[in-house]
Amino acid sequence: EFLTQLYSSIDAEDLTIYPDQTELYAQLASCRGIPEENLLLSNGSDSAIKAFFETFVDQGDKVGILSPTYAMIGVYGTLYGADLTEFKYDQKMRLNLPEILSFIATKPRCLIFANPNQPIGSSIPDDHLDEIIAFAESNGVACLIDEAYFEFSDNKDRCRDCCNNGFLFLTRSFSKSMGLAGSRLGYVISHSENVKQLIKVKTYAEINLLAVKSALMLLKQ
(Lines give C-alpha, C1' and ligand atoms only; values in the text may rest on other atoms or scores of the structure.)
Protein backbone atom coordinates (compact mmCIF):
# COMPACT_ATOMS: atom_id res chain seq x y z
CA GLU A 1 0.00 0.00 0.00
CA PHE A 2 2.84 2.37 0.87
CA LEU A 3 4.72 1.60 -2.35
CA THR A 4 1.59 2.02 -4.44
CA GLN A 5 0.95 5.43 -2.89
CA LEU A 6 4.60 6.40 -3.28
CA TYR A 7 4.82 5.47 -6.95
CA SER A 8 1.51 7.13 -7.76
CA SER A 9 2.88 10.40 -6.34
CA ILE A 10 5.66 10.46 -8.96
CA ASP A 11 5.01 11.70 -12.48
CA ALA A 12 7.20 12.08 -15.56
CA GLU A 13 8.05 15.69 -14.75
CA ASP A 14 9.42 14.66 -11.32
CA LEU A 15 12.02 12.50 -13.05
CA THR A 16 13.27 15.31 -15.28
CA ILE A 17 14.16 17.79 -12.51
CA TYR A 18 16.25 17.83 -9.36
CA PRO A 19 14.11 16.98 -6.31
CA ASP A 20 12.57 19.96 -4.55
CA GLN A 21 13.39 19.62 -0.84
CA THR A 22 11.44 22.72 0.25
CA GLU A 23 8.37 20.93 1.58
CA LEU A 24 10.45 18.27 3.31
CA TYR A 25 12.51 20.90 5.15
CA ALA A 26 9.32 22.65 6.27
CA GLN A 27 7.61 19.45 7.39
CA LEU A 28 10.64 18.05 9.21
CA ALA A 29 11.40 21.33 10.95
CA SER A 30 7.79 21.53 12.10
CA CYS A 31 7.87 17.96 13.43
CA ARG A 32 11.06 18.66 15.38
CA GLY A 33 9.85 22.03 16.63
CA ILE A 34 12.80 24.00 15.26
CA PRO A 35 13.37 26.68 12.57
CA GLU A 36 14.40 25.40 9.15
CA GLU A 37 17.68 27.33 9.44
CA ASN A 38 18.81 24.86 12.13
CA LEU A 39 18.34 21.84 9.88
CA LEU A 40 20.36 20.28 7.07
CA LEU A 41 19.34 17.15 5.17
CA SER A 42 22.06 14.64 4.35
CA ASN A 43 22.62 11.42 2.42
CA GLY A 44 22.10 9.31 5.52
CA SER A 45 23.24 10.34 9.00
CA ASP A 46 26.73 8.97 8.32
CA SER A 47 27.09 11.59 5.58
CA ALA A 48 26.24 14.24 8.17
CA ILE A 49 28.97 12.88 10.45
CA LYS A 50 31.44 12.94 7.57
CA ALA A 51 30.48 16.55 6.78
CA PHE A 52 31.09 17.46 10.43
CA PHE A 53 34.62 16.04 10.28
CA GLU A 54 35.31 17.72 6.96
CA THR A 55 34.11 21.10 8.24
CA PHE A 56 35.19 21.28 11.86
CA VAL A 57 38.09 18.83 12.42
CA ASP A 58 41.66 19.45 11.29
CA GLN A 59 44.48 16.94 11.17
CA GLY A 60 45.84 16.33 14.66
CA ASP A 61 42.78 17.68 16.49
CA LYS A 62 41.84 15.73 19.61
CA VAL A 63 38.47 13.98 19.31
CA GLY A 64 36.79 11.91 22.01
CA ILE A 65 34.65 8.91 21.00
CA LEU A 66 33.07 5.88 22.66
CA SER A 67 34.45 2.35 22.39
CA PRO A 68 32.82 0.34 21.00
CA THR A 69 30.64 2.60 18.87
CA TYR A 70 29.29 3.09 15.35
CA ALA A 71 32.24 2.05 13.20
CA MET A 72 32.13 4.95 10.72
CA ILE A 73 32.90 7.47 13.48
CA GLY A 74 36.35 5.94 13.87
CA VAL A 75 36.73 5.55 10.11
CA TYR A 76 36.08 9.25 9.49
CA GLY A 77 38.27 10.22 12.42
CA THR A 78 41.17 8.30 10.90
CA LEU A 79 40.40 9.60 7.40
CA TYR A 80 40.65 13.21 8.55
CA GLY A 81 43.70 12.64 10.73
CA ALA A 82 42.08 13.21 14.12
CA ASP A 83 43.84 12.21 17.33
CA LEU A 84 41.20 9.85 18.73
CA THR A 85 40.69 9.22 22.45
CA GLU A 86 38.38 6.29 23.27
CA PHE A 87 36.15 6.15 26.34
CA LYS A 88 35.55 2.52 27.24
CA TYR A 89 32.70 0.95 29.17
CA ASP A 90 33.08 -0.94 32.42
CA GLN A 91 31.68 -4.46 32.93
CA LYS A 92 28.24 -3.01 33.66
CA MET A 93 28.24 -1.01 30.43
CA ARG A 94 28.75 2.31 32.21
CA LEU A 95 30.99 5.18 31.17
CA ASN A 96 33.37 7.02 33.48
CA LEU A 97 31.89 10.53 33.66
CA PRO A 98 34.87 12.12 35.50
CA GLU A 99 37.19 10.73 32.80
CA ILE A 100 35.12 12.41 30.08
CA LEU A 101 34.95 15.72 31.96
CA SER A 102 38.72 15.64 32.53
CA PHE A 103 39.22 15.14 28.80
CA ILE A 104 36.96 18.12 28.05
CA ALA A 105 39.07 20.24 30.40
CA THR A 106 42.05 19.67 28.07
CA LYS A 107 40.00 21.54 25.40
CA PRO A 108 39.88 18.94 22.60
CA ARG A 109 38.22 19.82 19.31
CA CYS A 110 35.11 17.75 19.89
CA LEU A 111 33.30 14.76 21.36
CA ILE A 112 31.26 12.38 19.19
CA PHE A 113 28.83 10.07 20.97
CA ALA A 114 26.31 7.67 19.45
CA ASN A 115 23.38 7.80 21.86
CA PRO A 116 21.82 5.23 22.02
CA ASN A 117 25.11 3.60 21.16
CA GLN A 118 25.56 1.00 18.48
CA PRO A 119 26.33 -1.91 18.76
CA ILE A 120 25.66 -2.28 22.52
CA GLY A 121 22.37 -0.37 22.70
CA SER A 122 23.13 1.60 25.86
CA SER A 123 22.34 5.27 26.43
CA ILE A 124 24.23 7.86 28.45
CA PRO A 125 21.99 8.96 31.36
CA ASP A 126 20.36 12.29 30.56
CA ASP A 127 21.78 14.04 33.60
CA HIS A 128 25.29 12.90 32.70
CA LEU A 129 24.87 14.01 29.10
CA ASP A 130 23.50 17.37 30.22
CA GLU A 131 26.61 17.85 32.35
CA ILE A 132 28.90 16.84 29.47
CA ILE A 133 27.18 19.21 27.02
CA ALA A 134 27.21 22.15 29.43
CA PHE A 135 30.86 21.63 30.40
CA ALA A 136 31.85 21.22 26.75
CA GLU A 137 30.09 24.45 25.79
CA SER A 138 31.82 26.35 28.60
CA ASN A 139 35.19 25.08 27.33
CA GLY A 140 34.48 25.73 23.64
CA VAL A 141 34.33 22.02 22.80
CA ALA A 142 31.88 20.78 20.16
CA CYS A 143 29.60 17.83 20.92
CA LEU A 144 28.10 15.74 18.13
CA ILE A 145 25.48 13.26 19.30
CA ASP A 146 24.52 10.63 16.74
CA GLU A 147 20.88 9.82 17.47
CA ALA A 148 20.17 7.31 14.71
CA TYR A 149 18.35 5.14 17.27
CA PHE A 150 16.75 7.99 19.24
CA GLU A 151 13.18 6.85 18.57
CA PHE A 152 13.89 3.49 20.26
CA SER A 153 14.87 5.20 23.52
CA ASP A 154 13.36 7.38 26.21
CA ASN A 155 16.26 9.83 25.97
CA LYS A 156 15.67 13.55 26.38
CA ASP A 157 14.88 15.41 23.16
CA ARG A 158 17.56 18.08 22.65
CA CYS A 159 16.53 19.38 19.22
CA ARG A 160 15.57 22.83 20.51
CA ASP A 161 18.77 23.03 22.60
CA CYS A 162 20.78 23.11 19.37
CA CYS A 163 19.23 26.39 18.26
CA ASN A 164 21.05 28.39 20.95
CA ASN A 165 24.13 26.24 21.60
CA GLY A 166 26.82 26.83 18.98
CA PHE A 167 28.73 23.74 20.15
CA LEU A 168 25.95 21.13 19.94
CA PHE A 169 25.16 18.97 16.90
CA LEU A 170 22.56 16.19 16.58
CA THR A 171 22.42 13.71 13.70
CA ARG A 172 19.37 11.58 13.02
CA SER A 173 18.27 9.12 10.37
CA PHE A 174 15.20 7.87 8.53
CA SER A 175 16.90 4.47 8.20
CA LYS A 176 15.94 2.91 11.53
CA SER A 177 12.60 3.84 13.09
CA MET A 178 11.07 4.76 9.71
CA GLY A 179 12.55 1.78 7.87
CA LEU A 180 13.94 3.84 4.99
CA ALA A 181 17.58 2.71 4.95
CA GLY A 182 17.42 2.23 1.19
CA SER A 183 16.42 5.86 0.64
CA ARG A 184 19.66 7.12 2.27
CA LEU A 185 18.20 10.05 4.16
CA GLY A 186 19.41 11.65 7.37
CA TYR A 187 19.86 15.12 8.81
CA VAL A 188 21.83 17.24 11.22
CA ILE A 189 20.41 19.78 13.66
CA SER A 190 22.64 22.55 14.98
CA HIS A 191 23.02 26.30 15.42
CA SER A 192 22.22 28.18 12.21
CA GLU A 193 25.84 29.39 11.84
CA ASN A 194 27.07 25.78 12.00
CA VAL A 195 24.54 24.75 9.37
CA LYS A 196 25.84 27.50 7.07
CA GLN A 197 29.33 26.02 7.36
CA LEU A 198 28.15 22.43 6.78
CA ILE A 199 26.30 23.47 3.62
CA LYS A 200 29.66 24.43 2.08
CA VAL A 201 30.78 20.78 1.92
CA LYS A 202 27.40 19.26 1.09
CA THR A 203 27.12 17.61 -2.31
CA TYR A 204 24.65 19.41 -4.55
CA ALA A 205 21.29 17.66 -5.00
CA GLU A 206 22.41 14.60 -3.02
CA ILE A 207 18.89 13.91 -1.69
CA ASN A 208 17.07 11.74 -4.22
CA LEU A 209 13.43 11.88 -5.30
CA LEU A 210 12.33 8.68 -3.55
CA ALA A 211 13.91 9.86 -0.31
CA VAL A 212 12.01 13.15 -0.44
CA LYS A 213 8.69 11.59 -1.37
CA SER A 214 8.82 8.67 1.07
CA ALA A 215 9.98 10.81 4.00
CA LEU A 216 7.19 13.32 3.41
CA MET A 217 4.60 10.54 3.30
CA LEU A 218 5.73 9.15 6.66
CA LEU A 219 6.08 12.54 8.36
CA LYS A 220 2.52 13.44 7.40
CA GLN A 221 1.01 10.24 8.81
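The side chains of Arg 158 and Asp 130 meet in a salt bridge, with 2.8 Å from N to O, where a salt bridge is a side-chain nitrogen of Lys or Arg within 4 Å of a carboxyl oxygen of Asp or Glu. This pair links distant parts of the chain, 28 residues apart, since Arg 158 sits in the loop between strand 5 (142–146) and strand 6 (168–173), while Asp 130 belongs to helix 7 (residues 126–138); helices (H or I, at least four residues) and strands (E, at least two) are DSSP runs, numbered from the N terminus. Arg 158 is buried, with a relative accessible area of 1%, whereas Asp 130, at 29%, counts as partly exposed. Here buried means under 20% relative accessible area, exposed means over 50%, and partly exposed lies in between (1.4 Å probe, protein chains only).

The model is a predicted one, in which local features need pLDDT of at least 70 and side-chain atom pairs count only at pLDDT 80 or more, while totals for chains, interfaces and linings use all residues. Residues are numbered from 1 along each chain as its sequence is written, and side-chain values use heavy atoms, with hydrogens and water left out.

A second salt bridge joins the side chains of Glu 147 and Arg 172, at 2.9 Å from N to O. Glu 147 lies in the loop between strand 5 and strand 6 and Arg 172 lies in strand 6, so this pair ties together parts that are 25 residues apart in sequence. Both Glu 147 and Arg 172 are buried. Salt bridges that share partners also join Asp 126, Asp 130, Lys 156 and Arg 158 into one network. Another salt bridge is formed by the side chains of Asp 90 and Arg 94, at 3.1 Å from N to O; Asp 90 is partly exposed at 32% relative accessibility, and Arg 94 is partly exposed at 47%. The whole structure holds 13 salt bridges.

We turn next to the backbone. Most residues other than glycine have a negative phi, and most peptide bonds are trans. A cis peptide bond, however, joins Ser 67 and Pro 68, with omega about 0°, and Pro 68 is found in the loop between strand 2 (62–67) and helix 5 (71–79). The bond from Gln 118 to Pro 119 is also cis, with omega near 20°, and Pro 119 is in the loop between strand 4 (110–114) and helix 7. Arg 184, which is not a glycine, has a positive phi near 55° and is found in the loop between strand 6 and strand 7 (186–190). Ala 205 likewise has a positive phi, of about 55°, and its place is in the loop between helix 8 (192–199) and helix 9.

Helix 9 (residues 209–219) contains Leu 210, which together with Leu 3 and Tyr 7 forms a nonpolar patch on the surface, with about 310 Å² of accessible area. Such a patch is made of residues with over 30% relative accessible area and no salt bridge, in which like charges are joined within 9 Å and nonpolar side chains (Val, Leu, Ile, Met, Phe, Trp, Tyr) within 5 Å, and accessible areas come from the Shrake-Rupley method with a 1.4 Å probe, where for residues only the protein chains shown count as cover. Leu 210 counts as partly exposed, at 41% relative accessibility. In contrast, Leu 41, which lies in strand 1 (residues 39–42), is buried, with a relative accessible area of 0%. Leu 41 and Ser 173 are 132 residues apart in sequence and 9.6 Å apart in space, C-alpha to C-alpha.
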